[in-house]
Amino acid sequence: MIVKRFYDTNLAQTSYLIGCGLTGAAVVIDPNRDIEQYVRVAEAERVTITHVTETHIHADFVSGARELATRTGATLYLSDEGDAAWKYAFAAEDAAILLRDGDQVKVGNILLDVVHTPGHTPEHLCFLVTDTAAADQPIAIVTGDFVFVGDVGRPDLLERAAGMGGTMEQAARTLYASLQRFTQYPDWLQIWPGHGAGSACGKGLSAVPHSTVGYERRFNWAFGVPDEEEFVRMVLADQPEPPRYFAEMKRINKEGPRRLGGVRRPERLPDARLPNLLDTGALVVDTRNAADFAAGHVPGTINIPLNQSFTTWAGWLIPFDRDFYLIVDDRGADGVDEAIRDLAMIGLDRVAGYFGGEVRGRMLATIPQSSALELAERMRQGDVHVLDVRGQAEWKSGHVPGVPNIPVGYLTDRLDQIPRDKPVVVHCQSGARSAIAASLLRANGFPNVGNLAGGFVAWQAAELPVTREAPSWASSR
């Protein structure tokens with residue numbers, strides 16, 4: 001048996017190629033949109049991708065299953081579990097074979113036993129993997145977003161991201177029942193999960209790539225809660241805000257992802273076009289690092305640095321229904337290609353062009369940086385409004401006294417809650433998210449916006465006061 005693990009660090013997402021070395025057949029489970037990586041590895045391993053499947057309708061990236069099946073001529077296998085309102089709309093069009101609990105899929109000498117594990121989503125499947133040429137029992141279970149290392153899949157996304165109101169408590173109870181059934185498996189069975197640390201599909205995922213049923217039964221919090229009511233309370237508490245783009249991913253992956261036919265680089269535009277585009281209301285995203293943006297940027301642009309968090313914040317802040325433009329440091333070609341590829345992973349395909357990182361055309365603006373002690377003195381004098389743009393759970397755990405919370409992803413929805421009669425200084429945990437927030441406020445007409453250098457970490461390091469009391473002038477979301 002051949003097993004290849006593919007891990008996308010920006011999405012914290014894992015997919016698997018499992019092949020039969022004797023027959024040359026292979027299956028890919030949970031492919032993302034970068035389908036050429038699977039084709040290359042299959043060729044290198046001298047196997048043919050004959051089967052493509054996925055564990056569920058994903059919320060955090062555009063599935064590559066449909067396009068990979070088309071590209072390779074493989075048969076597509078999709079879940080037929082769940083209620084009638086939550087089915088793959090394109091299954092018949094693509095001649096997909098529908099899977100239900102107890103079904104089996106043969107990939108050469110590899111046997112996949114289909115297990116329905118609802119809770120994270122109603123249609124969720126896991127796959128028990130048996131190499132029948134060597135054993136009569138499974139070596140592993142591909143768990144998708146059901147069981148992670150150290151955590152379980154969150155049951156609130158259908159309600160909080162896909163808008164299916166009133167579903168998350170029942171989903172939590174269903175998840176609890178699925179976990180009780182999961183404990184039937186032997187301790188030695190390996191767990192191959194669909195996500196790692198950094199994914200918003202859970203709240204406490206480990207960076208360890210795989211585990212076993214026995215280890216998780218002993219050390220995963222979800223298996224140590226014997227009471228259903230307590231489990232429901234715990235699994236729904238303090239889940240991170242689901243990124244705005246999750247709702248779009250659910251829709252796309254349910255209705256049928258568009259086949260890209262490869263990711264293509266857009267046109268590099270002359271610098272002289274940038275001022276006119278901004279004057280007509282075009283969205284321009286500066287992907288340079290936060291320090292360079294703060295030191296000098298074209299007014300009206302927003303900053304989403306091209307780093308490991310780029311995909312997440314692009315999904316939060318870039319609309320799916322309009323063209324947009326990028327500023328990319330293109331002294332080497334890698335930055336442009338990386339940005340376009342990362343955007344395509346979540347369906348942001350409408351990049352109309354890009355500019356180089358040395359663009360000019362109007363007077364550059366800056367984002368002033370304040371130290372914690374400087375900010376504390378300005379707050380004492382009453383000449384500044386401070387805004388915490390971390391997640392709500394972070395804010396609840398401790399914040400600067402009197403400072404309200406609007407998570408950066410919701411900032412443009414709540415601009416009317418931010419006073420304009422004084423300068424505004426934003427902060428997050430360490431400074432990365434607040435740099436994005438500062439750029440959003442500047443682009444939305446706040447003329448005097450600064451950033452707390454080092455964020456809340458720097459505030460605590462300066463031994464300044466911290467409180468848990470809610471401020472009076474802003475409501476929480």
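**Close-up views of pockets, cavity, patch and salt bridges**

The lining of the largest pocket splits into 21 nonpolar, 15 polar and 7 charged residues. Here Ala, Val, Leu, Ile, Met, Phe, Trp, Tyr, Cys and Pro count as nonpolar, Asp, Glu, Lys and Arg as charged, and the others, Gly among them, as polar. The model is predicted: local features need pLDDT of at least 70, side-chain atom pairs count only at pLDDT 80 or more, and totals for chains, interfaces and linings use all residues. Residues are numbered from 1 along each chain as its sequence is written, and side-chain values use heavy atoms, with hydrogens and water left out.

**View 1. The largest pocket holds about 890 Å³ of space.** Of its 43 lining residues, Gly 198, Pro 240, Thr 312, Trp 313 and Arg 433 are the closest to the centre. A pocket is an open set of points on a 1 Å grid over the protein atoms alone, with protein on both sides within 12 Å along at least five of seven lines. Lining residues have an atom within 4 Å of a point. Grid points are joined across faces, edges and corners, and a volume is the space filled by probe spheres set on the points. At least two lining residues each come from helix 7 (245-255), helix 10 (310-317), helix 13 (392-396) and helix 14 (432-443). Helix 14 gives the most, with 4 residues. Helices (H or I, at least four residues) and strands (E, at least two) are DSSP runs, numbered from the N terminus.

**View 2. The second largest pocket holds about 420 Å³ of space.** Its lining has 20 residues; nearest the centre lie Leu 283, Leu 317, Pro 319, Arg 322 and Thr 412. Helix 7, helix 10 and helix 14 each supply at least two residues of this lining. Helix 10 has the largest share, 3 residues. By class, the lining holds 12 nonpolar, 4 polar and 4 charged residues.

**View 3. The whole structure has 1 cavity of 30 Å³ or more.** A cavity is a set of grid points where a 1.4 Å probe fits but cannot get out. The space inside the largest cavity is about 30 Å³. Its lining consists of Val 27, His 51, Val 52, Thr 53, Tyr 77, Leu 99, Val 105, Leu 112 and Phe 127. Strand 4 (residues 48-53) contributes the most, with 3 residues. The lining of the largest cavity has 7 nonpolar and 2 polar residues, and no charged ones.

**View 4. Met 1, Val 3 and Ile 139 make a nonpolar surface patch of about 200 Å².** Patches are made of residues with over 30% relative accessible area and no salt bridge; like charges are joined within 9 Å, and nonpolar side chains (Val, Leu, Ile, Met, Phe, Trp, Tyr) within 5 Å. Accessible areas come from the Shrake-Rupley method with a 1.4 Å probe; for residues, only the protein chains shown count as cover. Ile 139 sits in the loop between strand 9 (125-131) and strand 10 (140-144). Ile 139 counts as partly exposed because its relative accessibility is 34%. The cut-offs are under 20% relative accessible area for buried and over 50% for exposed, with partly exposed in between (1.4 Å probe, protein chains only).

**View 5. Ala 134 lies in the loop between strand 9 and strand 10.** Its relative accessible area is 66%, so Ala 134 is exposed. Ala 134 and Ala 290 are 156 residues apart in sequence and 53 Å apart in space, C-alpha to C-alpha.

**View 6. Glu 377 and Arg 380 form a salt bridge (2.6 Å, N to O).** A salt bridge is a side-chain nitrogen of Lys or Arg within 4 Å of a carboxyl oxygen of Asp or Glu. The structure holds 31 salt bridges. Side chains of opposite charge can pair when their charged atoms come close. Glu 377 and Arg 380 are 3 residues apart in helix 12 (residues 372-381), so about one helical turn separates them. Glu 377 is partly exposed at 32% relative accessible area, and Arg 380 is exposed at 61% relative accessibility.

**View 7. Asp 388 and Arg 390 pair in a salt bridge (2.8 Å, N to O).** Asp 388 is buried, with 0% relative accessibility. Arg 390 is also buried, at 2%.

**View 8. Glu 394 and Arg 433 join in a salt bridge (2.8 Å, N to O).** This pair links distant parts of the chain: Glu 394 is in helix 13 and Arg 433 in helix 14, 39 residues apart. Glu 394 is partly exposed at 25% relative accessible area. Arg 433 counts as buried because its relative accessibility is 19%.
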